[in-house]
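Dear colleague,

Please find the structure below, followed by a summary of what was found in it.

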Amino acid sequence: IGKIFHKTHAGEGEITPFQAVSTALAGTVGTGNIAGITTAVTLGGPGTLFWLWVTALIGMATKYSEVLLAVKFRERNKYGDWVGGPMYYIKNGLGKNWKWLGILFSIFAALAAFGIGNAVQVGNIVTSVNDVIVAFNPGFSEESQSIVNLVLGIALAVLTAVVLFGGIKRLGAVTERLVPVMALIYIVCCLIVVIYYADTLPAVFHDIFVGAFSPAGVTGGACGSMILCITWGVKRGVFSNEAGLGSAPMAHATTSETDPVKQGVYGIFEVFVDTIIICTMTALVILCSGVPVNYGEAAGAELTIGGFTAVYGNWVSIFTAVAMCCFAFSTIIGWGLYGTRCIEFLLGSRSNMPFMVLYSLTAIVGATMNLGLMWSIAETFNGLMVIPNLIAVFLLSGVVVKMTKEYFAKENG
């Protein structure tokens, strides 16, 4: 894993392994790592965290397989860029008779990109900014709020376009700087809160492990179903690191690394950072700080903000808003790549530019309109991506096992 941080050179149409991992993390580390975890803990209880870890361990194996296959079966497009992902390991690994499955995946992923990858994230950004403005200016009118939302939408559309139109090289350059910095600052701030309340850790971990199998016992009966606890843990785990969705392999396929097994290991690292570290830190801030949790009732980022406020003071709401904005923007540009790759597979390279324009403009729509039902449908497409991808991973599992055995036999020989 340490080799991922070594400075390496990438040729035309490719990015370094570190940039590939950063781009993949850009797509996975989103507002769900803050607000999503809070919802899971309040509705499923502290035990949700245990099932989140279990899901992450399974997800590491899944992500390793996906990334290995993406690098193994990738190809160059007309511009000389590496392109890969589920649709390509379906086409090049399973054969042309299975291309319909790749088409199905690409349709689901392209549609999901507009919703879960863009509009939902933009909506979270404008909500975070508005919450901070209202906190410091209670008289902030709805009319003013609408203007701010429009300005934010236009700004995000421009920033997204600038990154995406710059190609894979610019995307890699942005993510390798943005993702590590934002993740490290957030983790350190969480860690300080956890250390500050270190005396509560034994009780918190007791609630996590006992609550995983008997949630009613640690939530006062508010979360009485073990099935509910498992469901929220698995759901948040899967949608946090996106293992099995087939999205991140599209970023890993752009790497300059020629060994699929090595890049697959970097995929394991990606899941570890996203779920085991960042999601766990968010949950521990809530559970250790003693902020009141109404189990059985959905909650958002306000609980995380409450945990931070207890240590840092009220100004931390600004930090949380900035963190939410950075996490959300990284997801927007990461999913911009995924959507572009899917459209390119479906309609050819000429469709890339029109898609990127439309994708960038979606930020304005997401900032100014409430499209609840449409985005719920988009999230459904996000979940449907799993089906064709996991079918392909299962059918190509023999390739994964063979290449892994050969790699470690060579390393140990």
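The lining of the second largest pocket receives at least two residues each from helix H6 (142–165), helix H7 (167–196), H14 and helix H15 (352–368). The model is a predicted one, in which local features need pLDDT of at least 70 and side-chain atom pairs count only at pLDDT 80 or more, while totals for chains, interfaces and linings use all residues. Residues are numbered from 1 along each chain as its sequence is written, and side-chain values use heavy atoms, with hydrogens and water left out.

Helices are DSSP runs (H or I, at least four residues), numbered from the N terminus. A pocket is an open set of points on a 1 Å grid over the protein atoms alone, where a 1.4 Å probe fits, with protein on both sides within 12 Å along at least five of seven lines; lining residues have an atom within 4 Å of a point.

The second largest pocket has a volume of about 340 Å³. Its lining comprises 20 residues, with Asp-81, Leu-164, Gly-167, Ile-168 and Met-356 closest to the centre. H7 contributes the most, four residues.

The largest pocket has a volume of about 770 Å³, a volume being the space filled by probe spheres set on the points, which are joined across faces, edges and corners. Of its 34 lining residues, Thr-31, Gly-32, Ala-35, Gly-36 and Asn-124 lie nearest the centre. H5 provides the largest share of this lining, nine residues.

H5 also bends by about 45° at Ala-112, the bend being the angle between axes fitted to the seven residues ending there and the seven starting there.

Yours sincerely
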